[in-house]
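Have the sequence and the structure at hand while you read.

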Amino acid sequence: MSSPSPSTTAADLVRRGVAEYESMLCGYIYNLTSDLEMARDVVQETFIKLYAQDPARLDGPGLKSWLFTVSRNRALDLMRRRRRSVSWEDSPMDHLVDPAPGPDRQAADADETALVLQTFRRLPPNQAEVLRLKFQHGLSYQEIADVTGLTASNVGFLIHTGLKRLRTLLAPEAAACSMI
Amino acid sequence: MTATPDDSSFTAAVLGEVSACDGAAFRAGLAENPAWPQEAAAISRTAGLLGAALRQEPLVCLTIPQRQAVLHPERRTVPPAAGRRVWLAPTLVTAGIAAAVAVGLIVLPGGPGGTRGGGDSSPGLPSIAVQPGAPEKSGLRPVTPLPGMVNGLRLENPLPQAAPPLAPVPLKTPESMAASPPVVNGLSVPAVPKLNPAKADGPPGKSVRPGPGKLRPEESLGGSAPPK
């Protein structure tokens, strides 16, 4: 994370945002909307909106929260207009081809990853979103609260219950896998 | 820290989401409570598994034109397609409906309203005048050019030039007519005919015979006074 600079311009801010958060934002919005094209458009709009922001205010850790908040709000707005429901049972990532499908990847790791992801998709959407923001995109409780509009304690509760439920769901599956 | 492993603050402490003071209390609790390290390890393991699994999801990025549009907005050529799609479909549908209605009103015989060129069409619908003699069943109708229009162009001065105004005619007064009497067939005709003195006494052979008790002509026309 780069440190604030007094001479940072909006263009610098956009360049930094694209370099550090483009993929994160696209993946997050894609998981939210299940629409790759919409996700890309939302992220593009978000970066273009960044040009109109005060660089002094967002130069620092606030940039990440701002990008996630603005893109999330825009995505939810578009989804509301389209009356489109998100299917959490069928993750949008299932339709993508892994750009680096390692043939050398250990089969056990792949099985474990697939099991975790499959179990993760059985979580309620609000729990899954905060868990994704925390463990996939590395946002803090406070940043997740800023992005989602929840309180930090509410975010902590959702993460606590989500992890607990994940452990509960994974335990029998892992036991069955180990028996095989 | 008084939280138990069932509290969300315990998970927050494991994930490092507590203040320095609470973090110190949590570490002290790990040393004091034998069940806490096992519970903390389970939370850490689940979080690690989940993070590793989520990070293996395929990367999604902007397209190259989108990224160029973001980084160089001054030469942005790819507008956001999502916004375009949002308004494009309703606009196209509306335009299509409007075009269909317009074509139906203009081309199709017996369009909405049921009358053409009549004065009793539905309010709000445009009335369309039908050219007399136009073929009823063909969609094309002859167009009578408007006056002053040639090939759709309006002439600058469509009407022929009017004749120059005549000189004003002086009024004829009796005095002016007497001074310059009109000429008819080469003869000057007096404007005011003179009385014929011969006819002043009346036409010949038509003398008035005074009847009994009536005045004689010389008495009635003469200057002598009637007898008293």
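How many residues of chain B are in contact with chain A? The count is 33 residues of chain B, touching 45 residues of chain A; two residues are in contact if their C-beta atoms, placed from the backbone, lie within 7 Å. The side of chain B that touches chain A divides into 22 nonpolar, seven polar and four charged residues. Here Ala, Val, Leu, Ile, Met, Phe, Trp, Tyr, Cys and Pro count as nonpolar, Asp, Glu, Lys and Arg as charged, and the others, Gly among them, as polar. Helix α3(B) gives the most to this side, with eleven residues.

A word on conventions: this is a predicted model, in which local features need pLDDT of at least 70 and side-chain atom pairs count only at pLDDT 80 or more, while totals for chains, interfaces and linings use all residues. Residues are numbered from 1 along each chain as its sequence is written, and chains are lettered from A in the order in which they are written.

Chain A has eight helices and zero strands; helices (H or I, at least four residues) and strands (E, at least two) are DSSP runs, numbered from the N terminus. Of its 180 residues, 40% count as buried. A residue is buried if 20 or more other C-beta atoms lie within 10 Å of its own, exposed if 12 or fewer, and partly exposed in between.

The largest nonpolar core holds 60 residues, and among the members touching the most others are A:Leu25, A:Val43 and B:Leu50. Such a core is a set of buried Ala, Val, Leu, Ile, Met, Phe, Trp, Tyr and Cys residues joined through C-beta atoms within 7 Å. Helix α1 (residues 10–33) of chain A gives the most to this core, with eleven residues. Leaving aside neighbours within four places in sequence, A:Val43 is in contact with residues including A:Leu25, A:Ser71 and B:Leu62.

Two residues of chain A are worth a look. A:Arg132 sits in helix α6 (residues 125–135), and A:Asn73 in helix α4 (residues 62–82). Not counting residues up to four places away in sequence, A:Arg132 touches A:Tyr28, A:Asn31, A:His137 and B:Leu54.

| Residue | Other C-beta atoms within 10 Å | State |
|---|---|---|
| A:Arg132 | 23 C-beta atoms within 10 Å | buried |
| A:Asn73 | 14 C-beta atoms within 10 Å | partly exposed |

Finally, A:Asn73 and A:Thr148 are 75 residues apart along the chain, with their C-alpha atoms separated by 8.7 Å.
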